[in-house]
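Me: Here is a structure I would like to go through by question and answer. Please keep to the geometry.

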Protein chains: 2
Amino acid sequence: MKFIVETSARHVHVTEADLKTLFGNDAVLTKKKDLSQPGQFACEERVTIVGPKNSLAGVSILGPTRPSTQVELSATDARSIGISAPIRESGDTKGSAPCKIVGPKGEVEISEGVIVAKRHIHATPADAEKLGVKDKEVVFVKVATPERTTIYGDVVVRVSDKFALAMHIDTDESNAAGCTGTVEGEIVKL
Amino acid sequence: MKFIVETSARHVHVTEADLKTLFGNDAVLTKKKDLSQPGQFACEERVTIVGPKNSLAGVSILGPTRPSTQVELSATDARSIGISAPIRESGDTKGSAPCKIVGPKGEVEISEGVIVAKRHIHATPADAEKLGVKDKEVVFVKVATPERTTIYGDVVVRVSDKFALAMHIDTDESNAAGCTGTVEGEIVKL
């Protein structure tokens with residue numbers, strides 16, 4: 001059973017408070033397009049991520065707002081601005097890397113929250129049953145491409161009835177497999 | 001049988017003529033350190049690679065000079081400066097991407113030569129025999145890391161008595177596997 005493999009470019013999740021600091025007291029997130037996961041959307045609002053060595057401009061915010069601000073970079077991105085970010089699941093930001101976030105109306109210094117996302121599969125309980133996997137299970141996923149077929153290990157499965165079936169990888173992982181256009185993966189037993 | 005997996009950061013190979021244009025008529029390459037492949041070395045000389053969208057400064061030259069100038073970028077690098085570079089084996093640059101190369105004394109426009117390197121293993125005939133592979137054979141290589149174990153497909157084996165045993169991947173591929181420090185790989189049959 002195959003599923004879609006989506007590449008997540010660098011992005012930011014923000015709290016209501018940080019949104020207001022960055023974009024002004026009346027700011028609300030402006031939906032640009034819906035993402036595959038129900039209720040999640042890319043926003044028109046963009047920020048600059050500042051590290052000790054350099055910065056990344058025009059980084060998208062993904063909505064809705066969240067209980068804590070989180071910056072997801074590829075390892076290439078993080079290194080390019082001098083940040084040493086750990087590989088973590090979304091939400092697991094304790095002790096992760098600091099950075100400065102700059103918006104048009106203000107800036108925020110976060111003491112932690114910068115991560116390189118751990119590759120993962122979102123699945124509903126029904127999807128998980130069809131795939132023969134359980135929540136938190138770690139699997140291998142094969143992505144066959146014309147020039148850089150790759151089998152990703154350490155892929156964590158996350159199961160919730162709020163999800164839609166999709167695997168998420170970052171731009172380094174996507175480039176390593178030569179992903180272009182619509183890409184599919186399948187779990188392989190090794 | 002395991003072998004070392006080395007990450008090649010973005011770099012340039014230059015002809016004698018381009019070296020002189022970039023660094024002056026008396027220029028010779030200055031060895032900074034030897035690389036794993038016999039006779040190959042990283043140089044003190046650095047250039048800027050200019051694409052339509054942006055540029056990459058401080059890019060290393062690898063010596064010795066070659067019959068044609070070649071720029072090896074990761075797909076992340078190429079995209080960041082607006083270049084669409086094909087995945088190619090070193091030397092196979094026909095119809096690959098153009099760019100401008102800027103040095104302290106001059107600049108060179110190349111009409112082709114920018115590639116994303118195809119992942120590969122360098123092996124001597126004796127190594128190849130031990131590994132049970134032949135020149136040009138395409139294999140899977142497993143790189144086990146604490147957080148991002150990865151099996152690379154489409155790895156081409158190159159056999160020559162001028163080589164030393166090592167696999168070469170680019171920074172995207174290295175980051176996709178969470179490679180840090182000394183990394184080893186092994187061929188797996190799938």
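The turns below cover the conventions, the contact between the chains, and some local features.

Me: Which pLDDT do local features need in this predicted model?
Reply: In this predicted model, side-chain atom pairs count only at pLDDT 80 or more, totals for chains, interfaces and linings use all residues, and local features need pLDDT of at least 70. Residues are numbered from 1 along each chain as its sequence is written, chains are lettered from A and ligands numbered from 1 in the order in which they are written, and side-chain values use heavy atoms, with hydrogens and water left out. The pLDDT asked for is at least 70.

Me: By what turn can chain A be laid on chain B?
Reply: Copies are superposed by least squares on the C-alpha atoms of residues with pLDDT of at least 70 in both. Chain A then falls on chain B with an RMSD of 0.0 Å and a shift of 0.0 Å along the axis, by a turn of 180°. The two copies are thus related as by a two-fold rotation axis. The turn is 180°.

Me: How many residues does the contact take from chain A?
Reply: Contact means heavy atoms within 4.5 Å. Because 100% of the interface residues of chain A are also interface residues in chain B, the copies meet through the same surface. Chain B gives 25 residues, and the number from chain A is 25.

Me: Which three residues supply 30% of the area that chain A buries against chain B?
Reply: Buried area is the accessible area (1.4 Å probe) that two parts lose on being put together, summed over both. For chain A and chain B it is about 2,100 Å², 48% of it on carbon and sulfur atoms. The trio that supplies 30% of chain A's part, more than any other three residues, is Ile87(A), Glu147(A) and Arg148(A).

Me: Over how many bridges do E12(A) and strand E12 of chain B pair?
Reply: Strands (E, at least two residues) and helices (H or I, at least four) are DSSP runs numbered from the N terminus, and two strands pair if DSSP finds at least two bridges between them. Thr150(A) has Tyr152(B) as its bridge partner in E12(B). E12(A) and E12(B), residues 150–159, run antiparallel, and the number of bridges is three.

Me: Which residue forms a salt bridge with Arg10(A)?
Reply: Arg10(A) lies in the loop between strand E1 (2–8) and strand E2 (11–13) of chain A and its partner in helix H2, so the pair ties together parts that are 67 residues apart in sequence. The closest N and O atoms are 2.9 Å apart, and the partner is Asp77(A).

Me: Is the peptide bond from Gly63(A) to Pro64(A) cis or trans?
Reply: Most peptide bonds are trans. Pro64(A) lies in the loop between strand E5 (55–63) and strand E6 (70–72) of chain A. With omega near 0°, the bond from Gly63(A) to Pro64(A) is cis.

Conventions:
Salt bridge = Lys/Arg side-chain N within 4 Å of Asp/Glu carboxyl O.
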